[in-house]
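Q: Could you take a close look at one part of this model for me, the helix packing, and walk me through who touches whom?

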Amino acid sequence: MITVKSLQLGFGNSSGSGGGYQQVLHDVDFTVAEGEAFGLVGESGSGKSTVLRCLAGLYSHWRGDIAIRGEALGRRLTRERCRLVQMVFQDPYGSLHPRHTVGAALLEPLTIHRMDRPHERVAQMLAKVGLNESFRQRYPHQLSGGQRQRVAIARALILEPRILLLDEPTSALDVSVQAEILNLLAELRAREGLTYILVTHDLGVVVHLCDRLAVMQQGRIVDTLPTSELGNGGVAYTRTLVEATRS
Ligand code: ADP
Ligand code: MG
């Protein structure tokens, strides 16, 4: 479904004097099968979000190969790709406009992509994420954190993508709400047959949601393993992360 080969990315000016250039991704390789939930973990600054942003088409200056469903990813966002791959951010405000109602936020992508039966689709999507019709009229500031993340997930799914990129989707939420959103994501994946790539610093989230994971350290993948082996397998660095979570 997704193949990433020798993905490299840096920021800053590589020419000229005085440095300032930082290589953030060094030859990142991984593959994700259709319907799989793949976790990308590692400490803050290891490059996890940068990998997702490359896949989402938010950067264009990466090197290497990215293929989605066997098709090489170009540098430019195509309409088809926008439909196929969607992203959910840690802060739901990242994808919600403060002066747009929930209804408007969900209608917008449908209008842009000229989808039929838009109002019916909005109603169905709200139901799927566990929000009733009354939420259509509300603005983002009139929602709880969990409700806001439900709306952001609904907006990401409204065009029926096949791949959902999740960047710390529960990290900004209260612990009780975290579990609710993780359950919703698990349920949506099972029901819609979605492929997930989930970035988190929280191994608990990976255990809850992912089949397999890769561990990143300083812009490199240092380990790839099934989630079931987290407790007893993995390289030394992976075991250090597991130990840090336990203590
Ligand atoms: P993570 O998500 O694992 O916490 P990121 O992918 O956000 O890490 O960042 C990895 C590194 O890349 C960090 O050192 C960060 O400062 C740097 N970085 C990320 N985005 C940019 C950017 N747009 N410009 C310059 N440096 C960036
Ligand atoms: Mg990040």
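**Helix packing and the ligand shell**

A: Start with the ligand, as a landmark: helix α1 (residues 48-56) gives the largest share of the shell around ligand 1, namely three residues. Keep in mind that this is a predicted model. The whole shell consists of Phe11, Val24, Gly42, Ser44, Gly45, Ser46, Gly47, Lys48, Ser49 and Thr50, and by class that is two nonpolar, seven polar and one charged.

Now for the packing itself. A pair of packed helices is described by the angle between their axes and by the distance between those axes. Take helix α3 (residues 102-112) and helix α5 (residues 145-157): their axes come within 8 Å and cross at roughly 20°. Angles under 35 degrees count as roughly parallel, so α3 and α5 run roughly parallel to each other. Their crossing is right-handed. On the α3 side, Val102, Ala105, Leu106 and Pro109 make the contact, and α5 brings Val151, Ala154 and Arg155. Sorted by class, this contact has six nonpolar residues, no polar ones and one charged.

Helix α3 also meets helix α4 (residues 118-128), with axes that come within 10 Å and cross at roughly 130°. That angle makes α3 oblique to α4. Here, too, the crossing is right-handed. From α3 you get Gly103, Leu106, Leu107, Leu110 and Thr111, which meet Pro118, Arg121, Val122 and Met125 of α4. This contact divides into six nonpolar, two polar and one charged. One residue to look for is Leu106, which is part of the contact with α5 and also of the one with α4.

How values were computed: Residues numbered from 1 in each chain as written. Chains lettered and ligands numbered in written order. Predicted model: local features only at pLDDT ≥ 70, side-chain atom pairs only at ≥ 80, totals over all residues. Near = placed C-beta within 6 Å. Helix = DSSP H or I, 4+ residues; strand = E, 2+ residues; numbered from the N terminus. Nonpolar A, V, L, I, M, F, W, Y, C, P; charged D, E, K, R; others polar. Axes fitted to C-alpha atoms, helices over the stretch in contact; angles between N-to-C directions. Parallel < 35°, antiparallel > 145°, perpendicular 65-115°, else oblique. Left-handed = near helix turned anticlockwise from the far one by under 90°. Contact = placed C-beta atoms within 7 Å.
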